[in-house]
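Please review the following briefing alongside the sequence and the model.

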Amino acid sequence: MIAIAAVGVSVVYGILRLVNFAFGDVMAFGALVAYAFNGPLRLSMLPSALLAMAAAAVLSVLLDVVLWRPLRARRAGFMSLFLASIGLALILRQSLLLAAGPQPRSFRVNPYKVYVLGSVRLSEAQAITIATAAAVIVLVGLFLARTTLGRVMRAMADDRALAAVSGVDVGRVIAYTWVIAGLLAGVAGVLAALVQYSFDPNFGFQLLLPIFAAVVLGGIGSAYGALAGGLVLGVAMELSTWTGFAGGVNPVYKPVVAFVVLALALMVRPQGLFGRARVV
């Protein structure tokens, strides 16, 4: 889940140089949309998740049209975009709280159904999350490596001006970037809500720190790096609670483990796993 969300943050930053603090709240929006279809309307998880992804993509495009595109037209600087992103995150979070209420909610999955694979025990929600996340990560990797749009997006992330001179339709690619970021936010939000079992409109904000840590670990702006950084941090955070490691750490401190891993990795490779070393 962290790897998928980190890719969404990374592609937006790579192409637009925008630190999207509202990404966690778009994830929460996707989870709430999925719950609306899965809970009250009693659809199964798959169509509910697909509808949530579509809704998150539409929201991302609308936010671009209403906020980010006018700021780009006025050539807003990095600090202006930074503050606008924080403000947008606060507005989305409070809007979700007003619309949905603060009460926790859960998807219609059986919490008592357990799959046993050797010495590993997985709940139904965990099994769905692992299988879906693995499939999405593979699809994202293939999309970036094999499709024309994926290659164009990587080219724009490397050098936007050169890509424009080469004939790339920058405006169209930016629109597609927001669609893809919204789809990734939607699926990551649904998976995160499944794993937590119970969630509220604030839960997306709580995931931002490990997501941004994964982006930095992988190399800022690198989609492949975000995938790798997310997987490394996610595995490290989960294994840190294992009693086989000197008794394990309290699960409350899993974000601390993520930043310890990040700090140690950056001491060895300051540019991140897939980042480029720069000489100033």
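This is a predicted model: local features need pLDDT of at least 70, side-chain atom pairs count only at pLDDT 80 or more; totals for chains, interfaces and linings use all residues.

Residues are numbered from 1 along each chain as its sequence is written, and side-chain values use heavy atoms, with hydrogens and water left out.

**Helix α10**

- Helices are DSSP runs (H or I, at least four residues) numbered from the N terminus.
- In α10 (residues 208-218), nine of the eleven residues are buried (under 20% relative accessible area, with exposed over 50% and partly exposed in between; 1.4 Å probe, protein chains only).
- Among the buried residues of α10 are Leu 208, Ile 211, Phe 212 and Leu 217.
- The buried residues of α10 pack against α1, α2, α9, α11 and α12 (contact: heavy atoms within 4.5 Å).

**Aromatic rings**

- The whole structure contains six aromatic pairs (rings of Phe, Tyr and Trp, its six-membered ring, with centres within 6.5 Å; planes under 30 degrees apart are stacked, over 60 edge-to-face and the rest tilted).
- Phe 21 and Phe 82 form an edge-to-face pair, 5.2 Å centre to centre with 90° between the planes.
- This pair links distant parts of the chain, 61 residues apart: Phe 21 lies in the loop between α1 and α2, and Phe 82 in helix α4.
- Phe 21 counts as partly exposed because its relative accessibility is 23%.
- Ring pairs join Phe 21, Phe 78, Phe 82 and Phe 212 into a cluster.

Note on methods: Helices (H or I, at least four residues) and strands (E, at least two) are DSSP runs, numbered from the N terminus.
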